[in-house]
Amino acid sequence: MTKVLQLGDRAIASEEIIPLLASYQLIPQLLGERIIDQAILSVTCTPEETAQACAEFYQHWELTSEIQQQNWRSQYDLTQEKLELLATRKLRTEKFKQATWGHKLESYFLQRKRQLDQVIYSLIRVDKIGIANELYFRIREGEESFAELARKYSQGTEAQTYGIIGPVELGNLPLNLANLLYTIPVGEVQPPVRFGEWLAIVRIEQVIPARLDEFMRQRLLKENFTVWYQQQLSQLSPREQIWMGIKPPPVKAMENLAA
C-alpha cells in the first residue's frame, strides 16, 4: 500500500482513491474538470494577468505574507508554476470561450434573437368557449377593461396580476403561444385561441427587443460553452459515461465500477 494523501490521522493509499471519490460522488466533477483542463491547455496569460490572478487567489485564501504563501504551496505540493495554472484557470477558461466563439456571437445572436426578445402580455384563460367569446366581445366593445375581466374570470395565476404576464422571453414560452405572440400587433386583443384544455384571450402590451450588450455576450458565450461541453461528454468512454451518469451501468457493473 502506497500512501498518497494524509487526511488528519488517516493515510489514504493510491488504491483507495477511486472508491473514495466514488463514495463522495466526485468522479463526475473530476472528469468534467479534466475536459476543461485539456481544452485550455494551450491558453496563456500575460505576466501581468498571471500576477493579478495570483494576488487575487492569495487574497481569497487570506494568505497575506510570503511565508504563509510558501507554507500553503508546500502543504498542497504546489510549485509556483502549478499555482499559477490554478490561479489563472478561470481567466484561461474565459479566454478559451472568447477565442472559440467570440467572433461568432453576432450571427449566433441573430439566430437566437426571436427567442431572446421579451414580451409583456395580458392573458385571460377559461375552459368554456361561450365564456371566452363573451369576454372577448366585452373587451372589444369597451364594456369592461381587459384587466378587470382577467381579475374576475381568468382561471390561472394571472388573475392575481390583472392578467399581466412578463416581461418573459419568447423562448421560455410554449411554442404555440410564442408563435402567436410573435406575430400579433401590440395592443390588439386576439379572439379566443385554444391551448390544450384552455381557451386564451391575449393582448401584447409591450415588446422588449433583445440587445447584444455585454451581459448578453457573456450569456451567449456560456450557452456555446455548455453545448460544447455536452458534446465532449458524449465522446467519453463508456466507463466514463457511466461515472458521469450519462447512461446507466450494465447489469452487475455497479459492483465493478471501482475495480
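Predicted model: local features only at pLDDT ≥ 70, side-chain atom pairs only at ≥ 80, totals over all residues.
## The chain as a whole

The secondary structure of the chain comes to 12 helices and 6 strands. Of its 259 residues, 36% are buried. Contacts that reach along the sequence are well represented here: among those between residues at least 6 apart, 63% join residues at least 24 apart.

## Helix α3

Helix α3 covers residues 47–60, which makes 14 residues. From its first C-alpha to its last it reaches 20 Å, close to the 20 Å expected at 1.5 Å a residue. Its buried residues are T50, A53, C54, F57 and Y58. Looking down the axis of α3, these buried residues fall within an arc of 130°, so they line one face of the helix.

What do the buried residues of α3 pack against? Their partners are α4 (66–75) and α5 (80–87). On the face turned away from the buried side, α3 carries the exposed residues E48, Q59 and H60. Just after the helix, E62 takes a positive phi of about 55°.

## Helix α4

Now back to the opening question.

Just after α4, D77 takes a positive phi of about 55°.

## An aromatic cluster

Some of the residues above turn up again when the aromatic rings are considered. F57, Y58, W61, W72 and Y76 form one aromatic cluster.

## Rings around F225

A search of the whole structure finds 12 aromatic pairs. One of them joins F96 and F225: the ring centres are 6.5 Å apart and the planes stand at 80°, so the pair is edge-to-face. F96 lies in helix α6 (residues 89–101) and F225 in helix α11 (residues 214–234), so the pair ties together parts that are 129 residues apart in sequence. Both F96 and F225 are buried.

F225 also pairs with W228. Here the centres are 5.4 Å apart and the planes are at 35°, so this pair is tilted. F225 and W228 are 3 residues apart in helix α11, and about one helical turn separates them. F225 is buried because its relative accessible area is 11%, and W228 counts as buried at 14% relative accessibility.

## Charges over rings

Which residue lies over the face of F225? It is K97, at 4.9 Å from the ring centre. Elsewhere in the chain, the charged end of R125 sits over the ring of W198, 5.6 Å from its centre.

Notes
Residues numbered from 1 in each chain as written. Heavy atoms only, no water. Helix = DSSP H or I, 4+ residues; strand = E, 2+ residues; numbered from the N terminus. Expected span 1.5 Å × (residues − 1). Buried < 20%, exposed > 50% of the residue type's maximum accessible area, 1.4 Å probe, protein only. Arc of directions from axis to C-beta. Contact = heavy atoms within 4.5 Å. Phe/Tyr/Trp six-rings, centres within 6.5 Å; stacked < 30°, edge-to-face > 60°. Lys NZ or Arg CZ within 6 Å of the ring centre and 35° of its normal.
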